[in-house]
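Please study the sequence and the structure shown below, then work through each task and its solution in order.

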Amino acid sequence: MVDLQTQYQHIKQEIDRGIEEVISSAAFIKGPKVAEFQTHLETYTGSKHVIGVGNGTDALQIALMALGLKPGDEVITPTFTFIATAEVVALLGLTPVVVDVDWDTMNISVEGIRKAITPKTKAIVPVHLFGQCADMEAIMAIAKAHNLFVVEDACQAIGAKYTFADGTTKQAGTIGHIGCTSFFPSKNLGCYGDGGALFTDDDALAESIKAIANHGCFVRYHHDFVGVNSRLDSIQAAILDAKLPHLDEYIANRQCAAAYYDQAFAGNPHILIPGHEAHSTHVYHQYTLRLIDVNREKVKEGLAEHGIPAMVYYPIPLHLQKAYQDPRYKAGDFPVAERLMNCVLSLPMHTELDNEQLEFITTNVLELMNR
């Protein structure tokens, strides 16, 4: 699904030099490389504050902690997403409120958000699924009207750009009150271990986030509240800092691969290519098809026989997960998500795909459609 070895060979000298600098300095935790990377990512994204943490899940949890939400407060999020989005809500004693998604973009339904708001609603966590922004202008308008916080789960969409009606453009993760991203190795900007970050333009929120991630203290050994221990280590920061200048190139490569897929599959009655959010670019963390009137598992198995990996993201929506069973929800309540779970299939998508590989993949997919 991802060719990190070849990618590394292309930037080996830069990566190795950054790692060597950290090891030589022995500044493994909170070293200068972390501060340098955060500054460079602030410049890239336009966010006033970037705070590195241990992983994307930590970023989401810390974001909700920084907002001062209380047990029982409701947080709206899509049911079709990776489990971490709801996991952190539940861990904090908050109440996850899930809504359906859009059939074309697979992002959270704006109308679903409107219908889910109650007097207990305190926050919305839209997920920029597979690499494109949710309809953030509409979501921010809803949040403003109801005095709600917005925490963007941009873990799959770093570098995606959202254009507002007035022509203003912002990057994924920099639109809401707080944005979160992941640097998991397979991400468009990935490290060689775990890592994540939060974005905010709010000075007070930034200070709270830093303190929460550092055991709840602003001053060493003075703990003002219960926090966590989550930090981006210096080696991972050095790797990310070496890769950041290449991010736009990586995005362009993914977009070229997606365009090849789009053209190859256009018009096939059994394949729906990814739909596009009208106001967002797509950075294609995943290239996800919707298969119509075919046996997905046979397609997946057929591809595997030819050495082509394919994955199902995601086979079970949140409202059907055993850990999140809730009497408020039952099978059939979110028909789009339940239809998607039975038909989505993600193909290889990474920076190193060439036309020979893409032709091999698409040819085999199309042949399997005809069986």
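A residue is called buried under 20% relative accessible area, exposed over 50%, and partly exposed in between (1.4 Å probe, protein chains only). The model is predicted: local features need pLDDT of at least 70, side-chain atom pairs count only at pLDDT 80 or more, and totals for chains, interfaces and linings use all residues. Residues are numbered from 1 along each chain as its sequence is written, and side-chain values use heavy atoms, with hydrogens and water left out.

**Exercise 1. Classify Glu36 and Lys33 by accessibility, and describe the salt bridge between them.**

Step 1. Glu36 has a relative accessible area of 34% and is therefore partly exposed. Lys33, at 16%, is buried.

Step 2. A salt bridge requires a side-chain nitrogen of Lys or Arg within 4 Å of a carboxyl oxygen of Asp or Glu. In the bridge between Glu36 and Lys33, the closest N and O atoms are 3.6 Å apart.

**Exercise 2. Which parts of the chain does the salt bridge of Lys48 and Asp203 link?**

Step 1. The side chains of Lys48 and Asp203 meet at 2.9 Å, N to O.

Step 2. This pair links distant parts of the chain, 155 residues apart: Lys48 lies in the loop between H3 and E1, and Asp203 lies in helix H8.

Step 3. Lys48 is partly exposed at 45% relative accessibility, and Asp203 is partly exposed at 41%.

**Exercise 3. Describe how helices H3 and H9 meet.**

Step 1. The axes of H3 (residues 32-45) and H9 (residues 234-243) come within 8 Å and cross at roughly 35°. Axes are lines fitted to C-alpha atoms, for helices over the stretch in contact, and angles run from 0 to 180 degrees between N-to-C directions.

Step 2. On the H3 side, Lys33, Val34, Glu36, Phe37 and His40 take part, and they meet Ser234, Ala237, Ala238, Leu240 and Asp241 of H9. Contact here means heavy atoms within 4.5 Å.

Step 3. By class, five residues of this contact are nonpolar, two are polar and three are charged. Ala, Val, Leu, Ile, Met, Phe, Trp, Tyr, Cys and Pro count as nonpolar, Asp, Glu, Lys and Arg as charged, and the others, Gly among them, as polar.

**Exercise 4. What is the strand order of the open sheet, and which strands form its edges?**

Step 1. The sheet has seven strands in the order E1-E9-E8-E5-E4-E2-E3, with mixed pairing. Two strands pair if DSSP finds at least two bridges between them.

Step 2. Strand E1 (49-53) and strand E3 (95-99) are the edges, as each pairs on one side only.

Step 3. Within the sheet, E2 (residues 74-78) and E4 (residues 121-124) run parallel and are joined by three bridges. Glu74 has Thr121 in E4 as its bridge partner.

**Exercise 5. Where is Lys122 found, and which residues does Lys122 touch?**

Step 1. Lys122 is found in strand E4. With a relative accessible area of 30%, Lys122 is partly exposed.

Step 2. Not counting residues up to four places away in sequence, Lys122 touches Leu69, Asp73, Glu74, Leu148 and Phe149.

Notes:
Helices (H or I, at least four residues) and strands (E, at least two) are DSSP runs, numbered from the N terminus.
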